[in-house]
Amino acid sequence: MTEAPLLEMRGITKAFLGSVVLSEVDLTCVAGEVHAVVGENGAGKSTLMKVLAGAYQPDAGEVLVEGEARSFHHPVQAQAAGVAIIYQEFNLLPERSVAENVFVGREPARLGLVDRRRMEADTARLLAELGERSFSPRSRVGDLSVAQQQVVEVVKARSLDARILVMDEPTASLADEEASALLDLVRRLRDGGMAVLYISHRMPEVFAVADRVTVLKDGRLVETLAVADTTPSQLVAKMVGRELDGYVPPRATDTELGDVRLAVRGGGNRALDGIDLEVRAGEIVGIGGLQGAGRTELARAVFGADPFTRGTVEIDGIERRLGSPRDGISAGLGFITEDRKEEGLALSQSVRDNALLGLRSTRRRHNGRDALVEELATSTELRAKSLDQEVRFLSGGNQQKVVLAKWLALDPGVLLFDEPTRGIDVGAKAAIHDLMRGLARSGKAVVMVSSELPELIGMSDRIVVMREGRVAGELPGGATEQEVIALAAGSDPVLAHDEPARERGAQPAPRSGAGSEVGDET
Amino acid sequence: MKRFKLPVNVLPIWPALGIVLAVGWITVTIDGGSFFTSSNMTNILQRSVALGIVAVGQTVAILVGSLDLSVAYLISLSSLVAAETMDGKESMLVPAIALTLALGAGVGLVNGLVVTKLRVNAFIATLGMALVLKGYLADNYSRPSGEVSETWKSFGYTRMGPVPVSIFLFVGVALVVGFVLRRTRWGYHVYAVGGDEPVSALSGLRTHRVVIGAHVLCSVAAALTGLFLASRLGSGTPRVGTDGGYDLESIAAVVLGGTALVGGKGRVNGTVAAVLVLAVLDNVFNQLEVDPFLKQALRGVVIIAAVALYARRRLVAREEETSAPPVETTGPTEVVPA
Amino acid sequence: MSTATVEVPEAGAVAAPSAAQRVSAALGRSAPVFAVLALLLVWISIENPNFTDPPVFLAFLKRAAPLAVLAAGQYFVIVAGEFDLSVGSLVTVTVVVAAEVLADHPDGVIRAMATVVALGAVVGLANGLITTRLRVPSFITTLGMLLILEGAVDYWTDGAPKGSLSEDFRTLGRGGIDDVPWLEQLPWSVVVLVAVAVGAVLLMRSDFGKRLIAVGDNDRAAGLSGVNVPRTRTIAFVVSGLAAALAGILLGGFAGVSAQVGDGLEFEAITAVVLGGVVLGGGRGSVVAAVAGALTLEALFTLLNLLGLSAALQDAVEGLIIVAAVAFAAFRLRPDR
């Protein structure tokens, strides 16, 4: 490509309170490019993007947009220069409409009054340009799904005439078919001349949509290269500085499985119907399906958070009425929720206090608590300055370990995981997977809800696929993605996997097949 | 009541008003009195004006995510400033109004600055202001003072048939503020900042200005209430604000009217309806000759019960939402592109 | 989040902090109120050298005890993320009801105390149940309760409480243990204050306290971890109600019967708690600091009195100081860029 760079970041350096987070990082981007930015947690990806977006000022280095050196002291200045950023946790006002959100702070006015009609018409036009039909400019943002809210953010960026769009882990909360739609959107934006900076942990997406990729490690630039010139495992190797071989622990064989520990028969409630599920000691049963299929609802129902109103649940052969989380806990269940910040942790409290919360609510084990917490911290390889450090200072992976420690302290017989490695970098993911397999081996029954097909297929001994609140079918571990999706989507052909729009030369673009995050070469 | 769905734009407080009127009428009639008399209606409307004006102002403060506990003392002080400036002279009517409103603006400005620049929680900031005003009042006034002009005095009592002229002040203020909130950019920004301040700031809104403006508006409304009360009383009094409990009552009216205490959601017309509900209740209790002290207690019960009903509604609505089928990503086109 | 959060790079394995480190960390978080309290006490001693005499200082504590007890109770509610605006009127109710009971049973000191304590618990229970079961925001619940209690008291006493509290009843608020070496008299209210403070600290250190603070920090996470959130919150309200009853006993003893005895106390209690660094919204702060906040407020009142400020101006200065203190606390807690 011989176009002059739309964006150039040179020698960006940034430190916080003496701790250097970015050191001499360079990055260039041309118009009509999707440029992925990858790296482990703490590598500096978010910080670099925040410097670009005007949320931070660099200590050294410069940012050039269209050849002109710019200095942004506030995100609004960056916006004026054509840079827009979509954060992982969106910047939206849930009580306001789509149009009001898109034009917040820039509402078109006529005679001093807001020109509502123009606002809504402009929004409608942008929505149509993006091919979005499932909601209108008047819809209340709080009523929209996560995927739809993401589109609102994109519309917002488009309305700002952004030429450079930064997306921070855009598919983190999306199910596969929504992620697919988003990637199509990203391609459309690129084809329209935008430069899209795409921060992601997900190799399949990087390889599906990006043209070039920049790898950061420990605040330094490792390399920028064309996606066609590398493979997922090579990229991961550059990210973590070591080869990760076989990132999922091996599955259990039949002889290792014990008695049935969890048995649901005919379970149903407002969101679910006719659920039959059996999980044995030593087994990891994966729960797959599309967003809204009822996976989280299933986990919550089993645990007692949104109880079953029909059917029975048996734990270790004894029928139990699980009408509240307390019931679930006393029956020996543990539930690691989807969103650790919203539902798993009291962020201002210490690691110790969070880890002991389960014991404290069930009034168990008054002696030896401190020793237990230390033991759990060690066995989960928890990294924190001290056990009395506030949990909000920990990285995502370590926070998840604190949540796990809390449940392990209760020694449950059945563990329910909902998106166990969401928002966690590759290295920590592997650690959590190891822990889960170890727990299964020690005789626990593990249920794992996951939207990440490689994880689902790699970790599960059996996969139960949900669709519209019912069990659509069951697959053995190691099934193909197509099989999972077929069951999840029913017979809808629209949701087959996408192909990258451009040719890649000799190497066929790897599909997001099993193990393609790390490992098998194509 | 559960299955009955209102058109989206109508706040539940309005049907509640209807119910209260109906029940009030029935109870009073059974008791042997008559409810829908001209004098009664006047009474109800008259009662709503004072609380109504300050409650409209409080609505804006709460919408932006803040709160104002200083209104009661400001009302008292305003009544005194107004009455003393007027000193019975017609020529001083306009200056008195100007000065009083300026006082309100000044107090609101300080409140707003303390909340935004000093980052003090609104509860504490306005409580502090309340104490400062209380101190000033106690130090300088121990009994009614000043005298309003004749025109102004008559303003408080003139009626057009059963309708007191002062009600137009209330309605006027409500209409203007409601209009500003719904149609101007500043109004939009109030909802944005109240909904999520960091998000608004990142979108380029000068959130501090919005919050300060809201506080100024709230305090000006309180000053206006003080002016009005001076017209009813003929002079200013140091206790009129606290005796009326305008601080907590205005907040209660705002919440009763459906505005969320956390900000970002609510309407002025809801507050108006809530004020009317409270006025009707008051009137009905009077008619039934309920002990005035008991009235106070009953007011408390009503407020709690009403908000409990709201909470139930929200809960039911949310449950219905989650059981709805997932929103599809392909569907009929809803909007025809321009 | 879209705002800056600094991620501290993890440094190796977990290390157990030394006791000294833990103390200094704790001090670092709540230092301001203790420093301010110390400053005020010193200033008072300068204005009134007698202040350092035990009897004079104890008299100060005696005056401060009711508010301190009230603040301790309010702390539980605030750390759970709620408000209790009914405590002032509950204090008034306590005094009035006690007087009524004593009017019928002049020797029934225990009966009177038991009645008001039970009443405090019942009001707290009502506040808790309405807030948790009926989902009414606690601001509104306790505001409504304030109106109900005020109205009920006025109704019952026809606007003017009659009767008075017997001498025996008033011992707790006014009297003390005599002939104590050096102290001369150890006021009962000081004993009560210390007992309440110690009790509150123990309660917060217990499983209940940890559950409560988790609820205030993140009630969804707490609920999913097995905490009975509604019950925990309700207990906090009951504690607040009991504290109000106790404060009423002390205050009634100290100041006698009146219908205004509790006026504005809820705001003072909340202010005391906030001065102590407890965040409105829950999840952070210590009960000792809340009590220190109450003592600080009383010290402030004492100082202003000593400086000869008129009662009226005292209010104004109080307002300014409170705002300044909270502004300073906000300044210290500001997120670093």
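Ala71 of chain C is in contact, beyond its neighbours within four places in sequence, with Ala269(C), Ala272(C), Val273(C), Ala290(C), Val291(C), Gly293(C) and Ala294(C). The model in which these contacts are found is a predicted one. Ala71(C) also belongs to the largest nonpolar core, a set of 387 residues, and together with Val69(C) has the most contacts inside that core. The core takes its greatest contribution from chain B, where helix H10 (residues 207–233) gives 16 residues.

Chain C itself has 337 residues, and 53% of them are buried. Its secondary structure consists of 13 helices and 2 strands. Of the contacts in chain C with a separation of 6 or more, 78% are between residues 24 or more positions apart.

Where does chain C meet chain B, and how many residues take part? The contact involves 41 residues from chain C and 41 residues from chain B. On the side of chain C, two or more residues each come from helix H5 (138–157), helix H11 (265–275) and helix H13 (311–333). Sorted by class, this side of chain C has 26 nonpolar, 10 polar and 5 charged residues.

Chain B also touches chain A. Here 34 residues of chain A are in contact with 27 residues of chain B. The elements of chain A that give two or more residues to this side are helix H2 (75–80), strand E8 (113–114), helix H4 (116–129), helix H5 (146–159) and helix H6 (176–191). H4(A) has the largest share, 5 residues. By class, the side of chain A that touches chain B has 17 nonpolar, 9 polar and 8 charged residues.

Chain A has 522 residues, of which 56% are buried. Its elements number 18 helices and 22 strands. Among its contacts between residues at least 6 apart in sequence, 69% join residues at least 24 apart.

The strands of chain A can be followed sheet by sheet. One open sheet has 4 strands in the order E2-E1-E4-E5 (chain A), with antiparallel pairing. Strand E2 (19–29) and strand E5 (68–70) of chain A each have a single partner strand, so both stand at the edges, and one side of each has no neighbour in the sheet. From one strand to the next the twist averages 30°. Within this sheet, strand E1 (residues 7–16) of chain A pairs with E2(A) in the antiparallel sense over 7 bridges. Glu8(A) stands opposite Thr28(A), a residue of E2(A). Helix H1 (residues 45–53) of chain A packs on the sheet, where it touches E1, E2 and strand E4 (60–65) of chain A, and its direction makes about 115° with that of E1(A).

Another open sheet of chain A has 6 strands, ordered E18-E19-E20-E15-E21-E22, and its pairing is mixed. Its edge strands are strand E18 (333–336) and strand E22 (470–476) of chain A, each of which pairs on one side only. The twist in this sheet averages 20° from one strand to the next. Strand E15 (residues 284–289) and strand E21 (residues 462–467) of chain A run parallel and are joined by 5 bridges. Ile287(A) stands opposite Val464(A) in E21(A).

E11(A) pairs in the parallel sense with strand E3 (residues 33–38) of chain A over 4 bridges, and His35(A) stands opposite Arg212(A) in E11(A). E11(A) also runs antiparallel to strand E12 (residues 220–226) of chain A, to which 6 bridges join it. In that pairing Leu216(A) stands opposite Leu221(A) in E12(A). The hairpin of E11(A) and E12(A) has 2 residues between the strands, and Asp218(A) takes a positive phi near 50° there.

Key. Residues numbered from 1 in each chain as written. Chains lettered and ligands numbered in written order. Predicted model: local features only at pLDDT ≥ 70, side-chain atom pairs only at ≥ 80, totals over all residues. Contact = placed C-beta atoms within 7 Å. Nonpolar A, V, L, I, M, F, W, Y, C, P; charged D, E, K, R; others polar. Buried ≥ 20, exposed ≤ 12 C-beta atoms within 10 Å, placed from the backbone. Core = buried A, V, L, I, M, F, W, Y, C linked by C-beta atoms within 7 Å. Pairing = 2+ DSSP bridges. Axes fitted to C-alpha atoms, helices over the stretch in contact; angles between N-to-C directions.
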